[in-house]
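Thanks, everyone. I'll go through the packing of one model. Have a look at it first.

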Amino acid sequence: MDDCADISDEALLTQIAAGNRVAFSSLFGRYASKVKGYLIKLGARGAAAEDLAQDVMVSIWRRAASFDPAKAKASTWIYVVARNAWIDKLRRERVELAYRDTLIIDEASDEELPDDAVSRVQTEAQMAEALELLSEEQKQVVRLSFFEDRPHSEIAEHLSLPLGTVKSRLRLALIKLRAHWEQMK
């Protein structure tokens, strides 16, 4: 039986911040499957969604003291933590893929196979088409973040924008791009 069944999510987070493991167990029971479902909705698949949901719950345990009930509901905060974990995972994968591509280019000969060339040209065309859906401000932030691999803080400084504006533009751009790619599947 859950000893914390009648306690609000916000109160549970306060107790978690004080190190209360029972409160964390209760919050875990309430949100672990919801967070996994949310991550699947964002695009995470099967076991990766499960692993990432576990990471999110650990992050909630560690960061519970930073929750401010005056700024958002507990559920909103938890889903923001989950969304940020998903974005971080995508970034790590992008860096890993870029690294792998670098290794493949170094190891391969200068000649590109015809099938690979066709695939590359098609992917580049699809990417160009998708980028055209974005506003100029969003394209600029995407280019600096993903093609020039600049951190958000550096982009904000470079464009003389608040960090939150950079993150917001990038998030909205990714939503548009994801919707476009989903239509192309």
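One definition to start: a nonpolar core is a set of buried Ala, Val, Leu, Ile, Met, Phe, Trp, Tyr and Cys residues joined through side-chain atoms within 4.5 Å. Buried means under 20% relative accessible area, exposed over 50%, partly exposed in between, with a 1.4 Å probe and protein chains only.

Now the ground rules. This is a predicted model, so local features need pLDDT of at least 70, side-chain atom pairs count only at pLDDT 80 or more, and totals for chains, interfaces and linings use all residues. Residues are numbered from 1 along each chain as its sequence is written, and side-chain values use heavy atoms, with hydrogens and water left out.

The core, then. Which residues touch the most other members of the largest nonpolar core? They are L13, L27, V35, L39 and I60, out of 28 residues. Helices here are DSSP runs of H or I, at least four residues, numbered from the N terminus. At least two residues of this core come from each of α1 (9–17), α2 (21–42), α3 (46–63) and α4 (74–107). α2 gives the most, with eight residues.

Take L27. Contact means heavy atoms within 4.5 Å. Neighbours within four places in sequence aside, L27 contacts D9, L12, L13, I16, A32, M57, I60 and I78. There is also a second, separate core of 13 residues, including A130, L131, V141 and A156.

Next, helix pairs. Axes are lines fitted to C-alpha atoms, for helices over the stretch in contact, and angles run from 0 to 180 degrees between N-to-C directions. α1 and α2 pack at about 135°, axes 8 Å apart. So α1 is oblique to α2; angles under 35 degrees count as roughly parallel, over 145 as roughly antiparallel, 65 to 115 as roughly perpendicular and the rest as oblique. On the α1 side, D9, L12, L13, Q15 and I16 make the contact; on the α2 side, A23, F24, S26, L27, R30 and Y31 do.

The other pair is α6 (residues 136–147) and α7 (residues 152–159). Their axes come within 10 Å and cross at roughly 135°. α6 and α7 are therefore oblique too. Q140, V141, L144 and S145 of α6 meet H152, I155, H158 and L159 of α7.

Last stop: Q138, also in α6. Buried or exposed? Q138 counts as buried, at 8% relative accessibility. Beyond residues up to four places away in sequence, Q138 touches R169, L172, A173 and K176.
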